[in-house]
Protein chains: 2
Amino acid sequence: MNAVITEEGIFSENIELHNRGGYGRKEKSKLILSFEEAVYLLEKGRIEVFEGERPLSREELFLRASKTIKDFEIKYAVYRDLRERGYCVQSGIADFRLYPRGGKPGKTPSEYIVLVISERRSIPLEELVEKLEICRRIKKKLILAIVDEETDITYYEAKWVDLKGETSELSDERFQGYLLNDRVIFWEEGASEILHRRYFFGELVNSTLYISLVEAVYLMSKGLLTLQDADGREISEEELIRRGRELEENFDEKFEVYRDLRDKRMVVKTGFKFGAHFRVYEKVESIEELYHSKYLVHVIRRDHVFYPQELSRAVRLAHGVRKSMVFAFGNGERRYIEIRRVRL
Amino acid sequence: MNAVITEEGIFSENIELHNRGGYGRKEKSKLILSFEEAVYLLEKGRIEVFEGERPLSREELFLRASKTIKDFEIKYAVYRDLRERGYCVQSGIADFRLYPRGGKPGKTPSEYIVLVISERRSIPLEELVEKLEICRRIKKKLILAIVDEETDITYYEAKWVDLKGETSELSDERFQGYLLNDRVIFWEEGASEILHRRYFFGELVNSTLYISLVEAVYLMSKGLLTLQDADGREISEEELIRRGRELEENFDEKFEVYRDLRDKRMVVKTGFKFGAHFRVYEKVESIEELYHSKYLVHVIRRDHVFYPQELSRAVRLAHGVRKSMVFAFGNGERRYIEIRRVRL
């Protein structure tokens, strides 16, 4: 039942803690316990931790751990929560390994890597990508455990996702539109019929078709659209892109994602009402069926830094409307990360 | 049935358009029509617009308007939408005045000022405050009509809101806590009993009470809390505030709002799960009843600039959980703006 704490760590000779509960790492005939494990087992009354002759109280051990381990308070909160949910958890340096229910270290492979993140800490996209790459290599799922101010924990799974659709490819009809300020307008019937009803571009407002700048740049890049301004002057693709850049900070990034998704034959519409750049459909049969999109896609830059609050807001909103939240970025190659809340 | 367009504007002699439909401004025996009104009436086949001998087509008039009026495309979209919903709308320079259903200029006072905003345009808080002040002075409600890329329109009402609660005032018990990294922890029973169960501070995780830094600063500022770190060293209020500033960018602003709301006897808890700084309760009977907060409060700086997308995301999320979205700011005097989606 006992453990000892020394300069080198916390040791126990009770190997059963490992064999039955998956606690500690075995080293010869001893067990090395992490601080999370020791505080938890002490709290549960399953061990006492002696320093020399004297047993430490839970508070003393907790304070000792806080001095030794960065962010121990929140790491412990997550460790404890996962244990209480019946998972076997192995403490690493920066994170935890989580075993599937009923699994144990040495018996089953771990299923998840759990990163513990304080609500206050930001997560650079670079860091998330790096963790996702590690997880892909070692075939684990990645869980972000975000701990809020009240030490309440929300779990998110982050994963790479491939987006591919089944919309029919564009035909080679050409159209003539007007660029008026920040949108492109068509009055001709054919544009509404084909661009809107067949390929789901833009929105029809009383027989006038309005399409967005990214849609217009896409159509121009395919050679399917010519544009003029209110004075009848022709607008080139370069000029349209310049206009886009003036109007939107990340126009290029946004357009690249739009193009990639359209080229992958998805239908892409504005996600404004849902606070994201795009809502994305895998397949649309007819414009009347454009009622439920599968994904919300938000475009971020390669140097983006996530704030847990922003993440929480976006994911919660997406789930509230039964959509998956996807963040898109990249230069050249497009990459998509889906983040969803999970109940462990 | 006819109108003429000249350098000076669009004129009609059909006074009935004004008397019956509230179109145009009367000037002597003539009616001056705005471009929105003229395009709309032309589209509806109720007038023809002549330039000299020649009637203009809808497209010609629309393009002429686009050249003359900034953002005409989206202003017209909103004008048209409001008219189609049966409202009488008067065109101003930067906005519209909206009459209650059945009301007309000259007969009833207008009820709303409608600001038309492109999804792409940002709205500085200063500008919103200025408009709200004008509206307060002239006793109108303020509507933001946000037009997305697809020319779909969402209406929001913005208004000043007073927040006042009915929680009992703090008693003068004093507590001793530990500052561990970014949170304050109590192991003594009394703290859990009184701070948590009676005054709803923090969160209880297995008989350990965790409170946030803003809560701790508040209690210290009232002289009700002393703190030590893991080494037993005493922490002053100034040091705690410094820690807060290190950890959070807008700690001071956030604390000032927290203090104001607590002083107004509301219960204030983290709003992390909802992507806002705080969730706020007017009245809480017992900690078990802490299930539905009325408001989500997000703290912004005086120089904040709203992006329509951010606004849309926050308000939609708040409504999804049946809460009101409130933005808080100020220096010295706290001010609260509630923004909610309205269906006109």
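How many residues of chain B are in contact with chain A? In this predicted model, 64 residues of chain B are in contact with 64 residues of chain A, contact being taken as heavy atoms within 4.5 Å. Local features need pLDDT of at least 70 and side-chain atom pairs count only at pLDDT 80 or more, while totals for chains, interfaces and linings use all residues, and side-chain values use heavy atoms, with hydrogens and water left out. Residues are numbered from 1 along each chain as its sequence is written, and chains are lettered from A, and ligands numbered from 1, in the order in which they are written.

**The interface between chain B and chain A**

- The area buried between chain B and chain A is about 6300 Å², of which carbon and sulfur atoms give 51%; buried area is the accessible area (1.4 Å probe) that two parts lose on being put together, summed over both.
- Of the area that chain B buries against chain A, E150(B), F272(B) and R313(B) supply 14%, more than any other three residues.
- The count of salt bridges between chain B and chain A is 14, where a salt bridge is a side-chain nitrogen of Lys or Arg within 4 Å of a carboxyl oxygen of Asp or Glu.
- E150(B) forms a salt bridge with R279(A), in which the closest N and O atoms are 3.7 Å apart.
- Helix α10 (residues 308-320) of chain B gives the largest share of the side of chain B that touches chain A, namely eight residues; helices (H or I, at least four residues) and strands (E, at least two) are DSSP runs, numbered from the N terminus.
- The residues on the side of chain B that touches chain A divide into 23 nonpolar, 15 polar and 26 charged, with Ala, Val, Leu, Ile, Met, Phe, Trp, Tyr, Cys and Pro counted as nonpolar, Asp, Glu, Lys and Arg as charged, and the others, Gly among them, as polar.

**The sheet of 10 strands in chain A**

- An open sheet of 10 strands in chain A has the order β7-β8-β9-β11-β12-β24-β23-β21-β20-β19, with mixed pairing; two strands pair if DSSP finds at least two bridges between them.
- At the edges stand β7 (89-91) and β19 (267-270) of chain A, each with a single partner strand, so one side of each is left without a neighbour in the sheet.
- Strand β8 (residues 95-98) and strand β9 (residues 112-118) of chain A run antiparallel and are joined by four bridges, and L98(A) stands opposite Y112(A) in β9(A).

**Strand β13 of chain A and its partners**

- Strand β13 (residues 175-180) of chain A runs parallel to strand β17 (residues 225-228) of chain A, with four bridges joining them, and Y178(A) stands opposite Q228(A) in β17(A).
- Three bridges join β13(A) to strand β14 (residues 183-186) of chain A, which run antiparallel, and the bridge partner of L180(A) in β14(A) is R183(A).
- β13(A) and β14(A) form a hairpin with two residues between them, and N181(A) in the turn has a positive phi of about 60°.

**The sheet of six strands in chain B**

- An open sheet of six strands in chain B has the order β15-β16-β14-β13-β17-β18, with mixed pairing.
- Its edge strands are β15 (203-205) and β18 (234-235) of chain B, each of which pairs on one side only.
- Strand β17 (residues 225-228) of chain B is joined to β18(B) by two bridges, the strands running antiparallel, and L227(B) stands opposite I235(B) in β18(B).
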